[in-house]
Amino acid sequence: MSSALRSQKQRWSSPLKQLLHKPSLLTHFHFSTTTNATPESQPTHSSPPPIQVLLTESTGRGVFATRKIGSGELIHTAQPLLSHPYFNSLHTVCYFCLKKLANAENSRISFCSDSCRKHAMGFCEVENQADWSAFDTHCRTQGLKYPLLVRRLACMVISGIASSNSLDILQPAILSPQMIALMEEEFGLLRSALSDADVTGEKMTFLTKQWYINVLARIRINSFRIELVGGSYEDLLLSASSSVNAEGAVGSAIYMLPSFYNHDCDPNVHIVWIENVNARVKALRDIEAGEELRICYIDASIDYEARQNLLSQGFGFQCHCLRCLSND
Ligand SMILES: C[S@@+](CC[C@H](N)C(=O)[O-])C[C@H]1O[C@@H](n2cnc3c(N)ncnc32)[C@H](O)[C@@H]1O
């Protein structure tokens, strides 16, 4: 084992052990597994999913099958650590779970149920104290989505429902000085919105420029674009496709376990969202025990050059999957 790999292993092994063995850390991202796909409404079995997170030789950590997994099998589900609707979906989806609302609302934010309203109460109380117009205008005009996730995490931390180091276990993006300069501007707007609202003192000590940059560096390569498939789960099973009825992305979210899946341009696993932000990780074909499970980070239908450009700019790597090696 190379020394770089050994030091990476040491850096990650302790939080990973905590993640996999501490029940308290699992409360935010419940996952479950079934041998047959289970409708959302039915209770799921609580046996551990047939996967493990291991360190790979060249792509950091990855997710591996612990047994044979059948094509179409629901491998596990995952709830997000945090999520946020896009600006253009604010009036049409639930502010907490991103479920489509039956009727578009005029209020700034809306919820699909009392349960979602209750779950959001902590961070909403903090958020509602501040005037976000400058922060929102900046994000809207620059087309920025990720700062909304950082703001939500900051409000969750201030309200005491999340820890400031919740995302530390995720791999960070490598940032250029230009990216950092832009982030500093967003950080200033976030921090002043909160301090102008008199959110001060001990609750705010975590909110430093470095914290903001560290969180955003993780969000950049670990956030998922939420595209709701719509329709019923049974329809999805019949069609066996994630693209049917996709109505465009409604927001973005960060998960724990799904963030450990590496990329392949010909993936054996995909993630689907049926009616809200809760993710379902499903096998696209038969998978052998010990095989690495990989998802596709980008639109797999684009050509080789376009895929390499997107992966290099967005995720900082060159793809050497079998499809790319065959220049397909
Ligand atoms: C969402 S993370 C995946 C989990 C990550 N390997 C870890 O240890 O946390 C995405 C990062 O993993 C690495 N990665 C994922 N798929 C890869 C691939 N096919 N080739 C090289 N690096 C990859 C890249 O560094 C990428 O930015």
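## The surroundings of M204

Leaving aside neighbours within four places in sequence, M204 is in contact with L194 and V199; two residues are in contact if their C-beta atoms, placed from the backbone, lie within 7 Å. The model is predicted, so local features need pLDDT of at least 70 and side-chain atom pairs count only at pLDDT 80 or more, while totals for chains, interfaces and linings use all residues. Residues are numbered from 1 along each chain as its sequence is written.

M204 lies in the loop between helix 6 (177–196) and helix 7. Helices (H or I, at least four residues) and strands (E, at least two) are DSSP runs, numbered from the N terminus. Is M204 buried, exposed or partly exposed? M204 counts as partly exposed because it has 15 C-beta neighbours inside 10 Å. A residue is buried if 20 or more other C-beta atoms lie within 10 Å of its own, exposed if 12 or fewer, and partly exposed in between, with C-beta atoms placed from the backbone. M204 and E305 are 101 residues apart in sequence, and their C-alpha atoms are 45 Å apart in space.

## The chain as a whole

The protein chain contains ten helices and ten strands. Of its 328 residues, 33% count as buried. Among contacts between residues at least 6 apart in sequence, 70% join residues at least 24 apart.

In soluble globular proteins, nonpolar side chains tend to be buried together. A nonpolar core is a set of buried Ala, Val, Leu, Ile, Met, Phe, Trp, Tyr and Cys residues joined through C-beta atoms within 7 Å. In this model the largest nonpolar core has 64 residues, and those with the most contacts inside it are L149, V150, L153, L216, I226, I254 and Y255. Helix 5 (residues 146–159) gives the largest share of this core, ten residues.

Which residues does V150 touch, not counting residues up to four places away in sequence? V150 touches Y212, V215, L216 and I219. Helix 5 lies across strand 4, strand 5 and strand 6, and runs at about 130° to strand 4. For such angles, axes are lines fitted to C-alpha atoms, for helices over the stretch in contact, and angles run from 0 to 180 degrees between N-to-C directions.

## An open helix

Helix 4 (residues 133–142) lies largely in the open, because the number buried among its ten residues is one. Helix 4 is followed by G143, whose phi is positive, near 65°.

## Two open sheets

Two strands pair if DSSP finds at least two bridges between them. An open sheet of three strands has the order 4-6-5, with antiparallel pairing. Its edge strands, each pairing on one side only, are strand 4 (82–85) and strand 5 (223–227). On average, neighbouring strands of this sheet are turned by 25° against each other, direction ignored. Strand 4 and strand 6 (residues 249–254) pair in the antiparallel sense over four bridges, and the bridge partner of P85 in strand 6 is G251.

Another open sheet, of four strands, has the order 1-2-10-7 and mixed pairing. Strand 1 (51–55) and strand 7 are its edge strands, each pairing on one side only. Five bridges pair strand 1 with strand 2 in the antiparallel sense. The bridge partner of I51 in strand 2 is A65.

Strand 9 (residues 279–283) is mostly covered, with five of its five residues buried. In a regular strand the side chains alternate between the two faces of the sheet. Both faces of strand 9 are covered: A279, V281 and A283 are buried on one side, and R280 and K282 on the other.

Strand 3 (residues 74–78) is joined to strand 9 by four bridges, and the two run antiparallel; the bridge partner of H76 in strand 9 is V281. Strand 8 (residues 269–273) also pairs with strand 9 in the antiparallel sense, over five bridges. H270 stands opposite K282 in strand 9. A hairpin joins strand 8 to strand 9 through five residues.
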